[in-house]
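Biologist: I have not worked with this structure before. Please show me how to read its main features.

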Protein chains: 2
Amino acid sequence: MTAAANQSGRRPTTSRRLERAGIRDVAAAAGVSITTVSDALNGKGRLPDETRSRVREVAERLGYRPSAAARTLRTGRSGLIGLTVTTYGEEPFTFTEFAYFAEMARAATSAALGRGYALVVLPASSRHDVWGNIALDGTVVIDPPDQDPLVSELYRSGVPVVSDGKPGNCPVTAWVDNDHEAAVLGILDHLSEAGARRIGLLTGTSTDTYTRLSTEAYLGWCAKVGQEPVYEAYPAHDPAAGAVAADRLLARPDRPDAVYGLFDPNGTDLLAAARRYGLRVPDDLLLVCCSESDVYAATEPPITTLSLKPRRIGTTVVNLLIDAIEGVDSGTGVDIARLFPPRFRTAGTGPPPGTLMPTELIVRASSQRRNPRTTVSPPRPPGEM
Amino acid sequence: MTAAANQSGRRPTTSRRLERAGIRDVAAAAGVSITTVSDALNGKGRLPDETRSRVREVAERLGYRPSAAARTLRTGRSGLIGLTVTTYGEEPFTFTEFAYFAEMARAATSAALGRGYALVVLPASSRHDVWGNIALDGTVVIDPPDQDPLVSELYRSGVPVVSDGKPGNCPVTAWVDNDHEAAVLGILDHLSEAGARRIGLLTGTSTDTYTRLSTEAYLGWCAKVGQEPVYEAYPAHDPAAGAVAADRLLARPDRPDAVYGLFDPNGTDLLAAARRYGLRVPDDLLLVCCSESDVYAATEPPITTLSLKPRRIGTTVVNLLIDAIEGVDSGTGVDIARLFPPRFRTAGTGPPPGTLMPTELIVRASSQRRNPRTTVSPPRPPGEM
DNA sequence: CACTCATGGAGAAACGTATCTCCAAGGGCC
DNA sequence: GGCCCTTGGAGATACGTTTCTCCATGAGTG
C-alpha cells in the first residue's frame, strides 16, 4: 500500500479494503477538512462558492454517497415513515377495503416522497423485532383497532403517530377520518328521496370506527324517521361472507326496498342476490355501496357508490405526520421542544386533533327510480369505464 | 450532579436530558459492561444464563430499545429492502397492472417480513436525495425498462438488485419472470382447439419485457401456423386507450374470431366492444385476457384469464434478494467475499441467473365454444349497447 | 507445583456523519 | 497601534451500537 493510498490517515495497520468513499476520502482528496466537506455538501457553514463547488466536484468524482445510517445516527432523523395496516389474517394488507387501501397508500407514498420521506410498509402483526429494527421518524396507522398495543407503544416511545380513522382508545398525535355520519345520513336521505320506504344496511361485525360510526348513524336515522332498522352484519374480512349476508338481508320477511352496503364487494353481492330473488334494480330495489372501484360504473345497472376519497385522506395523513415530525425537533430552538417530545404531553391535554374530511356520493342508476336523472353527466364515449 | 447519576461516564458537564435508555444505561443499571449487555441481548458471547436473563430483565424494565441507526451503522445492515416500481407518470404505482402489482407487493412484503426485513416503497422516479438517504440492503425492481439508470447505479454501488421481469440491458444480481412465451403459446393453442381460426392480439406499445416477449411469441406463432397477425397496440398505461384499441381491433375488416388481451382491463374492454358489434361471446368471439382480478369470474360470460401468479413471483424475488444479501457478507468468513462484493463481479461473468416461473390459465366460458362455428360474420358499425 | 484451558467479562476501537467550539488572518476604524 | 469584526476553515466530540482483543480467575492435569 502506498502512502498516497493511505492518505486518509486511518487504519494504519490493517490493510485498506475496497470500500465506498467516505467523507474522509473526499476531504483528503479535496485537501480540506471533514467539516468543510460536510458544510459544502449540505449547504451550511460559511464557505466561498469556489470551495463549495470544488468540494462538490471532488465528491462527485469519487462517487461519494453519504452514509444514510451515519446521518440518521447523528441527526436522529431517518426520513422513513411507517405505514401500518391492520391485518385480519396472515397477510400484510387487508383484503376488505383493498381499493381504498391501495389508493390511500399510493397517495401517502406520493405525499411522503414529495417531502423527502419514504414509506415502509409494516403490518401491525409484524414480528416485534422488525419494528424495533427500523428507525422510523413517524408512523401512519390505518384504521387502528380500539386498543392497539402497537400504537400505544409507538406513541409512548416518542414516535409521532397519525391515524387514518378516528382512534378509539389509542393515543395518537393526530387523526384523519371521513365524516362517516354525514355520509350515511346523506345516503339515507338520497334513498328516501328516490322513493325508498324501508332502507336496509349491510354492515360489519368488527369494531373499527368506520363500521361503528356508520352503523350508529344508520340506527340514529332510523330512530329519527321512525323506521324499524333492517340490517345484517357479517365479518367484513371474509370475502365469502358478504354474499351470504346480502342474501340473508334480501330473504327477510321485512325485506328492504333499498340497501346501503358498507363494504366494497357489497354492490356485486347485492346485485347477485337481487337477481336470485327476481328483484329488479332500481325498480324493486335501490342500491348504494361504499367502494372506490370503478367496476360499478359498468355493472348492469351501474351502482351508486360512496367514495371515501382515499387519496385526499392519504395525503392529509402524511402531511400531518410530517408536520408533527418536523415541528417537534426543528422547533424554535427552545429546549422545551426537546425536553418534552409528544410522549410527555399525553397527560393533561385533551383528545388529539382530528380532521374530518368529506366523502363523495357518485350517483348512478341503481339509486334512481325511473324518474329522469337529476344529476347531469356528460355522455360518455363508448367503452369508457 | 451526583456520582451515581453520572455513573455511565458520559456528558460530565452538560445536564442529562430526558432520553430513551441506551445500552450504557442498561449496563450501568445491571452492573455489567456494555459488551455484556450487547452479548446478552443478542445471544452472543459466553455468558451464564443467569447473567443473560438478568440483563434482559433490566433492559426490559428500562424499556430499552436498541437504536436501529447505530446498529445499521455498525453492522452495515439495515434490514430494509427497496421496492421499486417503474412509473409511467407522477404516481408511485403503475396503474396498468395494478392487481398484479398489488398482489406481488403483498407477497413480497410478507416474504420479507418473514425473514426479518421490511419493504420501502420507492418509485424509480423519486427524487434522488430520497434514494441516497436510505440505507438499503437490497432492492427489488419491478419491470425495469431497457436501460434503467437507477438500476445501474444501484448495482454499481454494490446494492444487490433482483428484478421482477427479465431485465434488458441492466445489470442485476438475479431476476425472476414468468415464462411469457410458453404462456402465450399455450393460450393460442387453447384458442385454436376451441375452434379459433383467426386469433387477434391486444398488446401494448411500451418496450418492457412482458409486452415484448408476449408479442414476439404471438408473431412467431402466427408465422408458424401461417396466420396473418391481427393485432392492435396501445399505450397500456393509459386506461382509456384500451377500450379504443379493443374497438379498433374488432372493427377491422379482418376481424379476429378470438382475441387475447395482454392487460388487465382488456377483458372488460373487449366484452364491451363485442357487445357494441353484436358479437356473442364465446359464440362469435373467443376471449382471453391476462388478469389477476376475479371480477372475470362474474362477468357475463365469465372470461378466461391468464394469471401470472404474482404471489409466487413476489415471494421468489424477495427470497432471491435476501439470499444475495446474506450470502455476500455472511460467507464462510473468506475475505474474498468482502473484498469482492457483487459490484466487482460484473465483468467477465455471464448473464445474471434468472428464474422462469409458470403461469396459470384459468379457463372460463369465454374461451370455450359450445358448437364449432363455421362462418365469420362481417363487421358491423357500433350500434346501441 | 507449574502448566494449560475454559469461563466470564471488561476495554476500547471502530462505523461515518454533523456540529459545536475555537482559531488565524486580514481589514476597517478610532 | 490597539481593537473589533468578518471570513474561512480546522479539531474534536458525540450519536449508540457491535465486536475484536485481551485479562483475570479458578479448575484440571502432568
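This is a predicted model: local features need pLDDT of at least 70, side-chain atom pairs count only at pLDDT 80 or more; totals for chains, interfaces and linings use all residues.

Biologist: Which residues are closest to DNA strand D?

Modeller: A residue is taken as near a strand if its C-beta atom lies within 6 Å of it. By that rule 31 residues surround DNA strand D, and the closest are Ser33(A), Thr35(A), Ile23(B), Ser67(B) and Ala70(B). Elements of chain A that give two or more residues to this surface are α2 (34-42) and α4 (68-75). On chain B they are α1 (23-30), α2 (34-42) and α4 (68-75). Sorted by class, the surface has ten nonpolar, eleven polar and ten charged residues.

Biologist: Which residues come nearest to DNA strand C?

Modeller: Gly22(A), Ile23(A), Ser67(A), Ala70(A) and Ser33(B) come nearest, out of 31 residues around DNA strand C. The classes are ten nonpolar, eleven polar and ten charged.

Biologist: How many residues of chain A are in contact with chain B?

Modeller: A contact is a pair of residues with C-beta atoms within 7 Å. On the chain A side there are 45 such residues, and they meet 51 residues of chain B. In chain A, the elements with two or more residues on this side are α4, α5 (98-114), β2 (118-121), α6 (128-132) and α13 (336-339). The side of chain A that touches chain B is made up of 25 nonpolar, twelve polar and eight charged residues.

Biologist: In which sense do β2(A) and β2 of chain B pair?

Modeller: They are antiparallel, with three bridges between β2(A) and β2 (residues 118-121) of chain B. Within this pairing, Val120(A) has Val120(B) as its bridge partner.

Biologist: What is the order of the six strands in the open sheet of chain A?

Modeller: In chain A the order is β7-β6-β8-β9-β10-β12, and the pairing is mixed. From one strand to the next, the twist averages 15°. As one case of pairing, β9 (residues 286-290) and β10 (residues 304-307) of chain A run parallel and are joined by three bridges. There, Cys289(A) stands opposite Thr305(A) of β10(A).

Biologist: Which helix packs on the sheet?

Modeller: Helix α10 (residues 239-251) of chain A does, touching β6 (199-204), β7 and β8 (258-261) of that chain. The direction of α10 makes about 160° with that of β7(A).

Note on methods. Residues are numbered from 1 along each chain as its sequence is written. Chains are lettered from A and ligands numbered from 1 in the order in which they are written. Helices (H or I, at least four residues) and strands (E, at least two) are DSSP runs, numbered from the N terminus. Ala, Val, Leu, Ile, Met, Phe, Trp, Tyr, Cys and Pro count as nonpolar, Asp, Glu, Lys and Arg as charged, and the others, Gly among them, as polar. Two residues are in contact if their C-beta atoms, placed from the backbone, lie within 7 Å. Two strands pair if DSSP finds at least two bridges between them. Axes are lines fitted to C-alpha atoms, for helices over the stretch in contact, and angles run from 0 to 180 degrees between N-to-C directions.
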